[in-house]
Amino acid sequence: MFNIIIKDNYDEVSSEAFKVMKEVVKKKDCVLGLATGSSPVGLYKKMIADHKSEGTSYKDIRSWNLDEYVGIPHTHEQSYYTFMHENLFDHIDIKEENVHVPCGEGDNIEQNCIDYEKSMEGVTVDLQVLGIGSDGHIAFNEPGTPFDSLTHIMDLTEQTRQDNARFFDNDINQVPTHAITMGLASIMRARKIVLIATGANKADAVYGMIKGELTTDCPASILQTHPDVTVVLDKEAASRL
Ligand code: F6R
């Protein structure tokens, strides 16, 4: 079930997402599912500000990230591990041993997928933060990914690599071709989801997620079957609803 909130600008969108987050992190040992990309950066900034001004503590909170590029080390400046540390973890009191980001390095990525899924055994994410790709992907589950998928390796589409080239000197050739990602079934286990989308280039994907048919052609449409999804949009992303 969707609770749809439409706001005028990115700052207001981030504030609405933060309200959802703040309710959840009141439970001091909650579990967060976290995303990278541009969409949640404003939310993370508000979490940092709140930690510094209100003393909200993350010391007993555990987190699992959705995805990571394959073939770049965690220390790479564009790895999602680095992104999470720069944009959130380094500025709050979460413990390094409590953060989990898939590992896209090594000879046996298949095993890394199995290990990541195992690390979540017996864990229920209280709040999953999501963005959405312009092709309707969530995490790196590109169109065609089965709804029952667990953590797996994904070939990134040309469109996703083009969208993400802005982080790689606008050079698509530098964007990794594969990612390790939580599957759609892994994501759907979360108790509650907050999805953030802004900008006109997300309008079709947002429409497909909310009003389109339930189809793997739009992976985000699986969220139609989740009991508790707050979607926070700006007017441009909501323009087709
Ligand atoms: C990142 C992720 C992706 C992004 C999506 C939107 O962890 O899971 O699904 O949320 O590609 O990216 P932005 O927010 O950069 O538009």
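This is a predicted model: local features need pLDDT of at least 70, side-chain atom pairs count only at pLDDT 80 or more; totals for chains, interfaces and linings use all residues.
Colleague: What about C103, where is the closest cysteine sulfur?

Modeller: In C113. The two sulfurs are 10 Å apart, which is too far for a bond; a disulfide needs them within 2.5 Å.

Colleague: Is C103 buried or partly exposed?

Modeller: Partly exposed, because its relative accessibility is 31%.

Colleague: And C30, buried or exposed?

Modeller: Buried, with a relative accessible area of 0%.

Colleague: Switching to helices. How do α1 and α2 cross?

Modeller: Helix α1 covers residues 10-25 and helix α2 residues 41-54. Their axes cross at roughly 60° and come within 8 Å. That makes the pair oblique. The crossing is right-handed.

Colleague: Which residues meet there?

Modeller: From α1, Y10, D11, S14, S15, A17, F18, M21 and K22. From α2, they meet V41, G42, L43, K46, M47, D50 and E54.

Colleague: How do the residues of that contact divide into nonpolar, polar and charged?

Modeller: Seven are nonpolar, three polar and five charged.

Colleague: Next, α7. Why does it count as largely enclosed?

Modeller: Because six of its eight residues are buried. The helix runs over residues 203-210.

Colleague: Which ones are buried?

Modeller: A203, A205, V206, G208, M209 and I210.

Colleague: What covers them?

Modeller: The cover includes three strands: β1 (2-7), β9 (193-197) and β10 (229-234).

Technical notes
Residues are numbered from 1 along each chain as its sequence is written. Side-chain values use heavy atoms; hydrogens and water are left out. Buried means under 20% relative accessible area, exposed over 50%, partly exposed in between (1.4 Å probe, protein chains only). Axes are lines fitted to C-alpha atoms, for helices over the stretch in contact, and angles run from 0 to 180 degrees between N-to-C directions. Helices (H or I, at least four residues) and strands (E, at least two) are DSSP runs, numbered from the N terminus. Angles under 35 degrees count as roughly parallel, over 145 as roughly antiparallel, 65 to 115 as roughly perpendicular and the rest as oblique. A crossing is left-handed if the near helix is turned anticlockwise from the far one by less than a right angle, and right-handed if clockwise. Contact means heavy atoms within 4.5 Å. Ala, Val, Leu, Ile, Met, Phe, Trp, Tyr, Cys and Pro count as nonpolar, Asp, Glu, Lys and Arg as charged, and the others, Gly among them, as polar.
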